[in-house]
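Colleague: I would like to go through this model with you, one question at a time. Please end each answer on what I asked for.

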Amino acid sequence: MDETPPTLTALTTYLLSKVGKASRVRLAEQLGGRGLRLWHMAVLAALTDFGPHAQRDLAARLDIDPSDVVKVIDELTAAGYAERTRDPVDRRRVRVTATPAGRAALTSLTAEAAAVRDTVLAPLDERERALLHDLLLRVYADLTDRPGPATGR
């Protein structure tokens, strides 16, 4: 009785949703073992890839509610992965920076995420994985270029 209706498996959007959900659950379990969530990884990635951010700018970049980003930064700061400092140009602004421990944590989190990816994509060979990644990247880029309900903006 576990068979999925063919009408649903014929829908690429349904398959993307199911694979996405299964991937998120597995990644959440992996990160949870370290007391972290995907938002922690996202914030560390933004800080490492793009440098220090004002909290408000970080929330906008990652499309996270500003009050939620404050909580995530609080947790990262408590863990020693991020630090807050006053912006030297505008002392009213708080800048957030990844610490060396935060950058090291991101490196290991990225490796753990790759292991989850390898598990989820086990039925595909390397060429197929690369093709899938390239196709998803194109779709993602198009979605993020178009404002509207699909992007959450």
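Colleague: Leaving aside neighbours within four places in sequence, which residues is Q55 in contact with?

Modeller: The model is predicted, so local features need pLDDT of at least 70 and side-chain atom pairs count only at pLDDT 80 or more, while totals for chains, interfaces and linings use all residues. Residues are numbered from 1 along each chain as its sequence is written, and side-chain values use heavy atoms, with hydrogens and water left out. Contact means heavy atoms within 4.5 Å. On that basis, the partners of Q55 are V69, V70, I73, R84, V94 and V96.

Colleague: Is Q55 buried or exposed?

Modeller: Q55 is in helix α4; helices (H or I, at least four residues) and strands (E, at least two) are DSSP runs, numbered from the N terminus. Buried means under 20% relative accessible area, exposed over 50%, partly exposed in between (1.4 Å probe, protein chains only). Q55 has 17% relative accessibility, so it counts as buried.

Colleague: Which residues does A54 touch, not counting residues up to four places away in sequence?

Modeller: A54 is in strand β1, residues 53–54. At 6% relative accessibility, A54 counts as buried. Its contacts are R93, V94 and R95.

Colleague: How far apart in space are A54 and R84, C-alpha to C-alpha?

Modeller: In sequence, A54 and R84 are 30 residues apart. In space, the C-alpha to C-alpha distance between A54 and R84 is 9.1 Å.

Colleague: Why does D87 count as buried?

Modeller: D87 lies in the loop between β2 (82–86) and β3 (94–98). D87 touches R93 and R95, not counting residues up to four places away in sequence. D87 counts as buried because its relative accessibility is 10%.

Colleague: What is the phi of D63?

Modeller: D63 sits in the loop between α4 and α5 (66–78). At 48% relative accessibility, D63 counts as partly exposed. D63 is a residue other than glycine with a positive phi, near 55°.

Colleague: Which ring does the charged end of R61 sit over?

Modeller: A charge sits over a ring if NZ of Lys or CZ of Arg is within 6 Å of the ring centre and within 35 degrees of the ring normal. The charged end of R61 is 3.8 Å from the centre of such a ring. That ring belongs to F50.

Colleague: What is the volume of the largest pocket?

Modeller: On a 1 Å grid over the protein atoms alone, a pocket is an open set of points where a 1.4 Å probe fits, with protein on both sides within 12 Å along at least five of seven lines; lining residues have an atom within 4 Å of a point. Grid points are joined across faces, edges and corners, and a volume is the space filled by probe spheres set on the points. For the largest pocket, that gives about 2,400 Å³.

Colleague: Of the residues that line the largest pocket, which are the closest to its centre?

Modeller: The lining has 44 residues. The closest to the centre are R24, L38, H133, L136 and Y140.

Colleague: Which helix supplies the largest share of the lining of the largest pocket?

Modeller: α2 (12–32), α3 (38–50), α4 (55–62), α6 (100–120) and α7 (126–145) each supply at least two residues of the lining. The largest share is 11 residues, and it comes from α7.

Colleague: What pattern does the protein follow along the sequence?

Modeller: There are seven helices and three strands. Read along the sequence, the pattern is α-α-α-β-α-α-β-β-α-α.
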